[in-house]
Amino acid sequence: MRSKNRILKLGLPKGSLQESTLKLFRKAGYHISVSSRSYYPVFDDVEIESMLIRAQEMARYVENGILDCGLTGYDWIMEQAADVKQVAELNYAKEGLRPVKWVIAVPNDSKIHSVKDLNGKRIATELVGFTKRYLKSKKIKAEIDFSWGATEVKPPHLADAIVELTETGTSLRANNLRVVETILESSTRFISNRKAWQDKWKQQKMENIVMLLKGALAAEEKVGLKMNVSKKDLRRVMSLLPALHSPTISALSDAGWYDLDVVIDERMICDLIPKLKKAGASGIVEYQLTKVIP
């Protein structure tokens, strides 16, 4: 039976970040059950109670203490000017592991070429609060309209420009839009209510979750390599290995032979394996990693 004081109330982002977030938690080692009609995912950890909340609202609920902690974008923290503890930056998004950008975009044939050209113009965006503050800092007066969606189709008839989130730029290009300026870069953040962070048990629980999530993210772009190397080829093979730290070297039962185990960036594999083979490595095995904890 669990104590009421030993419960961490965790908010998970509903919407575009939902699947990538659940996938990350599962890779970190948590087993999560999610019903298609429920907003309350169930963790195999009885000390975690979770709820699906739109990322746009997460910071407000964490700030108010309705949730102890949650995951949301840096953009929505800034939009709400929320007073929360940013515990960690987690570099993942809907489609990849890189930050996303909020950009000012206009039709390709627009006469708007800089932020200064927005004076007196109409701008559509979901990021209303931050956009107003950004333009005010540039001494630009423009009309900012909240957009409920399909923002890319609004110029030129419903708006002169938009401020829109982009990860790859594909949607902007498909709608014949070009970027004038990037006003904010955003990544996912693990945030905490400030009072909850003062609770030693909750703080430790959050730190443990963040450590596992970071480990799972670190493993996304890395792989492990194992290989056998003779003593005479050892130095040459090791010179080819850009390791996270030094490779692990173990003596084999056959005299004069060693087993090398190393973690490297996956993007290097295609170029590296032929070089290792040529340098004398044999029995090369590539394997996937679940977590990398520094």
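Colleague: Start with E13 and strand E15. How do they pair?

Modeller: E13 and strand E15 (residues 257-265) pair antiparallel, over 9 bridges. Two strands count as paired if DSSP finds at least two bridges between them. Strands are DSSP runs of E, at least two residues, and helices are runs of H or I, at least four, numbered from the N terminus.

Colleague: Which residue of E15 is the bridge partner of Asn-228?

Modeller: Asp-259.

Colleague: And what about strand E16 and E13, how many bridges?

Modeller: There are 5, again in the antiparallel sense, with E16 covering residues 282-288. Lys-226 has Val-285 of E16 as its bridge partner.

Colleague: How many residues of E13 are buried?

Modeller: Strand E13 (residues 222-230) has 7 of its 9 residues buried, so it is mostly covered. Buried means under 20% relative accessible area, exposed over 50%, partly exposed in between, with a 1.4 Å probe and protein chains only.

Colleague: Before I go on, what are the ground rules?

Modeller: This is a predicted model: local features need pLDDT of at least 70, side-chain atom pairs count only at pLDDT 80 or more, and totals for chains, interfaces and linings use all residues. Residues are numbered from 1 along each chain as its sequence is written, and side-chain values use heavy atoms, with hydrogens and water left out.

Colleague: New topic. What is the strand order in the open sheet of 5 strands?

Modeller: E4-E1-E5-E12-E6, with mixed pairing. The edge strands are E4 and E6 (85-90), each pairing on one side only. On average, neighbouring strands are turned by 25° against each other, direction ignored. Axes are lines fitted to C-alpha atoms, for helices over the stretch in contact, and angles run from 0 to 180 degrees between N-to-C directions.

Colleague: What joins E5 to E12?

Modeller: 5 bridges, and the two strands run antiparallel. One of the pairs is Leu-71 with Phe-190 in E12.

Colleague: Which strands of the sheet does H1 touch?

Modeller: H1 packs on the sheet and touches E1, E4 and E5. Its direction makes about 135° with that of E1. Helix H2 (residues 55-63) packs on the sheet too, touching E1, E4, E5 and E12, at about 130° to the direction of E4.

Colleague: Which residues of H1 are buried?

Modeller: In H1 (residues 18-28) they are Gln-18, Ser-20, Thr-21, Leu-22, Leu-24, Phe-25 and Ala-28. Their cover includes strand E1 (8-14), strand E4 (48-54) and helix H7 (200-220). Gly-29 follows H1, with a positive phi near 115°.

Colleague: Leu-8 next. Is that residue buried or exposed?

Modeller: Leu-8 is buried, with a relative accessible area of 0%. Leu-8 lies in strand E1. Leaving aside neighbours within four places in sequence, its contacts (heavy atoms within 4.5 Å) include Ile-48, Cys-69, Trp-201, Lys-202 and Ile-209. Leu-8 and Lys-202 are 194 residues apart in sequence, but 6.5 Å apart in space, C-alpha to C-alpha.

Colleague: Where is Ala-150?

Modeller: In the loop between E9 and E10. Ala-150 is exposed, at 51% relative accessibility.

Colleague: And which residues does the cis peptide bond join?

Modeller: Pro-155 and Pro-156, with omega about 5°. Pro-156 is in the loop between strand E9 (143-146) and strand E10 (161-166).
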